[in-house]
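Student: I've got a model to go through and I'd like to know what stands behind each label. Can we take it piece by piece?

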Amino acid sequence: MPVNHKKSPSLPPPASEVGIVVWVKKNLFSTYANGVMSLAAIVLILLLLPPLLDWAFFSATWSGSNRADCNEDGACWIFIANRIDQVFYGFYPAELHWRPNLAGLLLIGLTIPLFIKSFHYKNWLGAFILIIYPFIAYFLIHGGSFGLEVVSTTKWGGLMLTLILSAVGIVASLPLGILLALGRRSKMPMFKSVCVVYIEFWRGIPLITVLFMASVMLPLFFPEGSDFDKLLRALIGITLFQSAYMAEVVRGGLQAIPKGQYEASEALGLNYPKSMGLIILPQALKLVIPGIVNTFIALFKDTTLVLIIGLFDLLAIINLALTDSEWLGFDDEGYVFAAFVFWVFCFAMSRYSIALEAKLHTGHKR
Amino acid sequence: MKKITSTLLISSVLALAATSVSAGTLETVKSKGHVQCGVSTGLAGFSNADASGNWQGLDVDVCRAVAAAVLGDATKVKFTPLTAKERFTALQSGEIDILSRNTTWTLTRDGSLGLNFAGVNYYDGQGFMVSKAIGVKSALELDGAAVCLQSGTTTELNLADYFSANGMTYKSINYDTSDATIKGFEAGRCDMLTSDQSQLYSLRIKLENPSSAIVLPEVISKEPLGPVVRQGDDEWFNIVRWSLNAMINAEELGLTSANIDSMKTKSPAIERFVGGQGGKLGIDDAWSYNIIKQVGNYGESFEANVGLDTPLAIARGLNDLWSRGGIMYAPPIR
């Protein structure tokens, strides 16, 4: 009997299963409840989106120099354009903007090889970025050596300050958090209780209190005239605070690792650092990536709280611009712009986290 | 009760800090070459940074005047933006040399925080804003009115006092923020809006049509704002006090930054003003000349920052010279 080894061509789906009408019917109006909700959503979009787009784009004013140029019906983006230098750099001297720019570009340049699969020195490069790069960035932005003029931290501000605060908070709080999480699960009672007290203390107070103490009460306990940098105080406060949250996220991951893994690593004769570093933590951290990124995003947004201690982060700069008597009353534009910038960064972090999960999905993927 | 305890705690800590502060702000300022000035984190017309980051405003000019007097250069000021809660600590801890941040002079602050108020550079007070359309000339015509106000402030209490003292009734409509208050006013939720007068003017700009509202002449509370220095450093206190007084005296004498060079010998009072009194304050004899030449007199500063030609359009009112119906009065320089 002759066997036909050729694969017969797949037939197109029946006409009743394709086309935009069918897709709409299947996805939007499959049941009555679904249909009602779809309709409600469409009405809401039609009601909200056109006026919003009209305000933000079509009727908006894009060029001009003062409030007289503004179109009454739309957003007046020249308010932002007028202050864009401050929004990005705060009071950082304009002729020195190349320094933070260079620091940023350097970071981007250093990070790109980490995403290239065939690059073999990722560990070394990673260590360089985490350990050496912060010093380079500090010398570039702050100055004071290699003939660079000092720009004191009181002049730092805007998006630059927001990024510095969150980057330092993120980079410093993760290792601290891991140590605390391990400490909390330690069998040594002293070590364990110190970690528990630390975590519960910092989780028990609001960040705003921490910043407030760091900025208002702390200086009273130093000898008069000793100028302990305000930004540094805020950074230490944010890091200590955030590491407690990070510790609990990491501990969640540690608890999800089956006991067999611990026993297996002991059976292999690995000592504690090795069994943690090679067996337990890689699995645990992979599990809690969503939690870690969640904490990072929260931290990124929490940095706006520094405005209560007189540091000019992105939001505080917008607030300051809003009190310019030439530009009073442009609150909508200011806050919408700030929200947009924050959204861009948070969305990027969230996409990165999803990509990272997909890459490390070994073993638990559904 | 809790509030009282925390206030006591803070004031005792502040008092403790005050005792540890050593005298000699003048020497410190001279050796570091600039005056460190505490300002607000942004208040239209009083202290605000422009698009290129330069601080300007009525409060800022006080600091510039002190720098001109002490260092001969009004630009030698560095600014520390402070929130309302931080401001006194920053002064006590020595982080700043002068606090010039729309701070109301009250007995409690003067007496218990280890601070001294060096004078008044703006007489503020609670006032009313009404829509022009209703044609009211005085707050006393507003019996039974609906009033928009920010809740949880002394504004509320002052308003209640004022209306009950005049045997009138009102209906208060409360908002959480000043922005919400002005939106409510614009939407016609109330007949008038009450707040500190300096704030009324900046709220008015936020109206779609600012000229549709007027600020009534009544002022129902006293909010004298002025520069503050640490207690226990009389030399510095005198310098700040007389820098401000020099600006007010100069306006009285008709001296401005433009005419001070040509007016120098016009009258004995002017000669006394520009010539050689600085030694008594421990600073250069050209101090008053430098202030007026570089910063201007009080009237110039007022008009440039908050006056009728600025968007805020605040009339001089109480802040006019005593000789013109206001209460700005400075002791003579002689």
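Student: Into which domains is chain A divided?

Tutor: Chain A is split into domain 1 (16-58), domain 2 (94-150) and domain 3 (155-359). Those bounds come from an automatic or database domain assignment. Between the centres of domain 2 of chain A and domain 3 of chain A, taken over C-alpha atoms, there are 21 Å. Bear in mind that this is a predicted model: local features need pLDDT of at least 70, side-chain atom pairs count only at pLDDT 80 or more, and totals for chains, interfaces and linings use all residues. As for names, residues are numbered from 1 along each chain as its sequence is written, while chains are lettered from A and ligands numbered from 1 in the order in which they are written.

Student: And how is chain B divided?

Tutor: Domain 1 of chain B is 2-123 + 224-324, and domain 2 is 126-221. Their centres, over C-alpha atoms, lie 30 Å apart.

Student: How many residues of chain B are in contact with chain A?

Tutor: 33 residues of chain B, and they meet 26 residues of chain A. Among the elements that each give at least two residues to that side of chain B are α1 (2-20), β4 (77-81) and α8 (197-205). α1(B) gives the largest share, three residues. By class, that side of chain B has twelve nonpolar, 15 polar and six charged residues.

Student: What counts as a helix or strand here?

Tutor: They're DSSP runs, numbered from the N terminus: helices are H or I with at least four residues, strands are E with at least two.

Student: Why is B:N102 called buried?

Tutor: A residue is buried if 20 or more other C-beta atoms, placed from the backbone, lie within 10 Å of its own, exposed if 12 or fewer, and partly exposed in between. B:N102 has 24 such neighbours, so it counts as buried. B:N102 sits in the loop between β5 (98-99) and α5 (107-112) of chain B, and its phi is positive, about 25°, although it is not a glycine.

Student: And what makes B:D234 exposed, but B:A146 partly exposed?

Tutor: B:D234 has 12 other C-beta atoms within 10 Å, so it is exposed. B:A146 has 16, so it lands in the partly exposed range. B:D234 belongs to helix α9 (residues 234-253) of chain B, whereas B:A146 is part of strand β9 (residues 145-150) of chain B.

Student: How do you know that α3(B) is mostly covered?

Tutor: 14 of its 14 residues are buried. This helix, residues 58-71, reaches 20 Å from its first C-alpha to its last, close to the 20 Å expected at 1.5 Å a residue; the expected span is 1.5 Å times one less than the number of residues.

Student: What makes β1 and β4(B) a pair?

Tutor: Strands pair if DSSP finds at least two bridges between them. Five bridges join β1 (residues 35-39) of chain B to β4(B), and the strands run parallel. In one of these, B:C37 has B:F79 as its bridge partner.

Notes
Contact = placed C-beta atoms within 7 Å. Nonpolar A, V, L, I, M, F, W, Y, C, P; charged D, E, K, R; others polar.
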